Amino acid sequence: MKFLGVTLASLGLASAASVAKKTSYDDWKVYRVNVGSHAAEIENVMSKLQLELWKGKPSTSAVVDIMVPPSAVKDFEASTADIQTEIMHENLGLSITNENSFGEYVAARGAAPSATWFNSYHSIADHMQWISDLAAAYPNNAEVISAGKSVEGRDIKGIHIFGSGGKGSKKGVVWHGTVHAREWITTMVVEYAAYQLLTSTDATTAGFKNTYDFYIFPIVNPDGFAYTQTTDRLWRKNRQKTPLASCVGRDINRNWPNRWSQRGGASTDPCDQTYKGPSAGDGVETKALKAQLDSIAAGKGVTLYMDIHSYSQLWLYPYGYTCSGVVPNSAKYASLTRGAIAAIKAVHGTTFTGGPICSTIYQVSGDSVDYAVEVAKANYSMTVELRDKGNYGFILPTAQIVPSAEEMWAGLRYTLNNL
Ligand code: 0X9
Ligand code: ZN
C-alpha cells in the first residue's frame, strides 16, 4: 500500500489494519494544574476520572500536567473549579497531526548523512538505516553496535565512535535516548550529538573521539518507539507482558536492579506509567542495556553516562532514589550543571534549571542514572529533560528539533570539556 509515494512498510507500519487501530487523541486536552494545597483533591479527581499524568506528582510538584479525554473534560473542569488550571493542548489530536509528518529519508549508502535529517521526525525503520549509514560513512571512527534484542526482537542498535588508538582503547561515554517511547525529541538530539562527533570541523569536538570511546544508543526502547508510530503516540513503557494480562509494559527507568524497591520511587501497579516490573531488572531491554553498560564498566570503565529525556528543561544528577543522600563529588556535579546550563542558554536563550534528580523533579527508584553511578561506577552520571516547559510537552514541533539539538549539543560539549 502506498500513499504520498511512501510505502507503509517504509514507515515501519505493519499493515493498514494497524493504522486503523491507532489511538485517537481528537479533542483530548492537556491541562497544567497548579497544585498549591490541592494535592489530595487532584489525586482524587485523577483516580475518579482515570486520568494520566504527563508530568509531575501531585504529592511533591508545584504543577502537574494532566491529559483528559473528551468524555471527562466537563467533569474535570467542574471538579477543579477552585484550582488554577491552564490548557496546554486544546485538541491533542490536532497537535499530533501537526507534529507527525515524517521526513522521507533517501539513504545515500556510503555517503555521509546530511544535516537535513534533523528537519523532521522519522520512522523507526529510517532511524535504523540512518545509524548504519552514519557509521558506514566514517569507517575509521565508527561502527554499528547492538546492546541486544527488545521484547519483540528488535535490535537495540547504537553507534560506537572512537579515535586514535582504535576502538575500545579509551574510557567510555554512554548516551541513551528514547527510553520513554513518546519522548521523540530525544532520539533526534542523541543522533545530532553522534553526528557532531563525526562531522564537526571544530577541533575540540573532533578531538573528543581521541579521548573517549562513545557508545551512543538513540533508541533504547525500540518496541515502545515503534508502538508510538503504529498505535499510540503517547506510549511510554516497553511492550513486555506483566502479571496483569490487561496491562502491558514496564517503565525501563524504574526497572534497573539498583534501589529498585523504594517506596514512593516507582509504581507496583502494572497499569501505571511508572510500573517498576515484578522483579528487579527483569525487563528484556533493561537486561540488555545493563549487560552492555556492565561490559564497558568492566573494560576501560565509564567516565560519563547520560540518559536523555523530555520535557521540562532540566539538567539533573544523582540521586533519584533519595532526596537526603548526597552524591560523592556533588560540588563538581553542581559546577558541571551550572556550566552546561550556561552553555545551553548561550545558543538560543533557552533556560534550563538543574540539581539532584529527587529534590529537583521527584523521587525515582530503579533508574539508570543511579545504577550507572552506584553499580557501574561511572565517574559522572547525569540526565536531562529537553524542551519544552510544557507548552507542547511530548509533541514538540519539528521546527524545534534543530534548535533543541544545537543547544543540547552545547551542553554536552561543555560537559565533555570539563569532566
Ligand atoms: O519520570 C522519569 O523517569 C523522568 N521524567 S519523564 O517525564 N521523562 O519520564 C524523570 C526522572 C529523572 N530522570 C532520570 N532519572 N533519568
Ligand atoms: Zn522520560
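How far does a polar side-chain atom of His309 lie from a nitrogen atom of ligand 1? In the predicted model described here, the separation between this atom of His309 and the nitrogen atom of ligand 1 is 3.1 Å. Such a pair is a polar contact, defined as two N or O atoms within 3.5 Å; within protein, one must be able to donate a hydrogen and the other to accept it, and residues adjacent in sequence count only if both atoms are side-chain atoms. The protein covers 100% of the 410 Å² of accessible area that ligand 1 has on its own, as computed by the Shrake-Rupley method with a 1.4 Å probe.

Local features of this predicted model need pLDDT of at least 70 and side-chain atom pairs count only at pLDDT 80 or more, whereas totals for chains, interfaces and linings use all residues. Residues are numbered from 1 along each chain as its sequence is written, chains are lettered from A and ligands numbered from 1 in the order in which they are written, and side-chain values use heavy atoms, with hydrogens and water left out.

Around ligand 1 there are 17 residues, of which Lys55, Arg236, Arg254, Tyr362 and Asp367 come nearest; a residue is near if one of its heavy atoms lies within 4 Å. Oxygen atoms of ligand 1 are found 2.5 Å from a side-chain N or O atom of Arg236 and 2.6 Å from one of Tyr362. Strands β11 (302-310) and β14 (380-386) each supply at least two residues of this shell, and the largest share, three residues, comes from β11. Strands are DSSP runs (E, at least two residues) numbered from the N terminus.

His180 is buried at a relative accessible area of 3%, and Glu183 is buried at 2%; buried means under 20% relative accessible area (1.4 Å probe, protein chains only).

Elsewhere, strand β5 (residues 63-68) is largely enclosed by the rest of the structure, because five of its six residues are buried. Strand β3 (residues 29-34) runs antiparallel to β5 and is joined to it by six bridges, with Val30 partnered by Met67. Strand β4 (residues 52-55) also pairs with β5 in the antiparallel sense, over three bridges, and Leu53 stands opposite Ile66. Pairing requires at least two DSSP bridges between two strands.

How values were computed. Buried means under 20% relative accessible area, exposed over 50%, partly exposed in between (1.4 Å probe, protein chains only). Helices (H or I, at least four residues) and strands (E, at least two) are DSSP runs, numbered from the N terminus.
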